[in-house]
Amino acid sequence: MKNHDKLSDYDLIIQLRSGCKSAFTEIYDRYWGILINAAYQRLRSREDAEEVVQEVFVNLYSRRSEIEPKSTLEAYLKTALKFKVIDAYRLQQLHYRHIDHLVAETNLSPVRPDDQLEIKEFKRTILSASRKLPEKCREVFIMFRFEELSHQEIAERAAISVSTVKKHLHKAMLFLREEFKGSKTFLMIACLLFLSK
């Protein structure tokens, strides 16, 4: 067996393409930290960074027979990471737009400065809480509540099972319930976000 930590990136790719799991492990060990740091600088969330990088490596392994980097392996992985981060940003922005609509639809037109401040703080709390959800959980939550997709449609789009969709939604509900526990506006959030369509 070859000592994989001594191999060049090019040789690791050749072995990976032939299905060598040790080559994949070496690539993972060699670039995990680099990619985590790059993802964290953009996403500012360790959990989101780890999930995005994990997806990069899952895709790398599942598409190993197709890999033909046009430059270095590091550049290849960073390009893949860039697209995953863009997807994460897209989901965040979609979520923020729908949160804006959510707050507008509550018909809470403030008449006092105190009311306006409370709603502004409430909105900030929702946005902050949503960023704490793991990327896949947040993605499923957005598709269900805001894109109004069925469990089956989400499962097909995300390439996961319907039971996994339900687990992500349950996790989001429990997490946000805990985040808003004690808030007098939690009941409104529960009605708007979690009641079945």
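# Salt bridges and a kinked helix in a predicted model

Visitor: How many salt bridges are there in this structure?
Guide: This is a predicted model, in which local features need pLDDT of at least 70, side-chain atom pairs count only at pLDDT 80 or more, and totals for chains, interfaces and linings use all residues. Residues are numbered from 1 along each chain as its sequence is written, and side-chain values use heavy atoms, with hydrogens and water left out. If a salt bridge is taken as a side-chain nitrogen of Lys or Arg within 4 Å of a carboxyl oxygen of Asp or Glu, the count comes to nine.

Visitor: Where in the chain is R17, the salt-bridge partner of E68?
Guide: The closest N and O atoms of E68 and R17 are 4.0 Å apart. Helices here are DSSP runs (H or I, at least four residues), numbered from the N terminus. The pair links distant parts of the chain, 51 residues apart, with E68 in the loop between α3 (46-62) and α4 (73-105) and R17 in helix α1 (residues 9-17).

Visitor: Which residue forms a salt bridge with E55, and are the two buried or exposed?
Guide: The closest N and O atoms of this pair are 3.4 Å apart, and the bridge links helix α3, which holds E55, to a residue of helix α4 that lies 29 residues away.

Visitor: Which residues are joined with D9 into one network?
Guide: Another salt bridge is that of E66 and R63, at 3.3 Å from N to O. Salt bridges that share partners make up the network, which joins D9 with E26 and R30.

Visitor: On which residue is the kink in helix α2 centred?
Guide: The bend at a residue is the angle between axes fitted to the seven residues ending there and the seven starting there. In helix α2 (residues 21-43) the kink is about 45°, and the buried residues of α2 include F24, E26, I27 and L35. After the helix comes R44, whose phi is positive, near 60°. The kink itself is centred on Y31.

Technical notes:
Helix = DSSP H or I, 4+ residues; strand = E, 2+ residues; numbered from the N terminus. Buried < 20%, exposed > 50% of the residue type's maximum accessible area, 1.4 Å probe, protein only.
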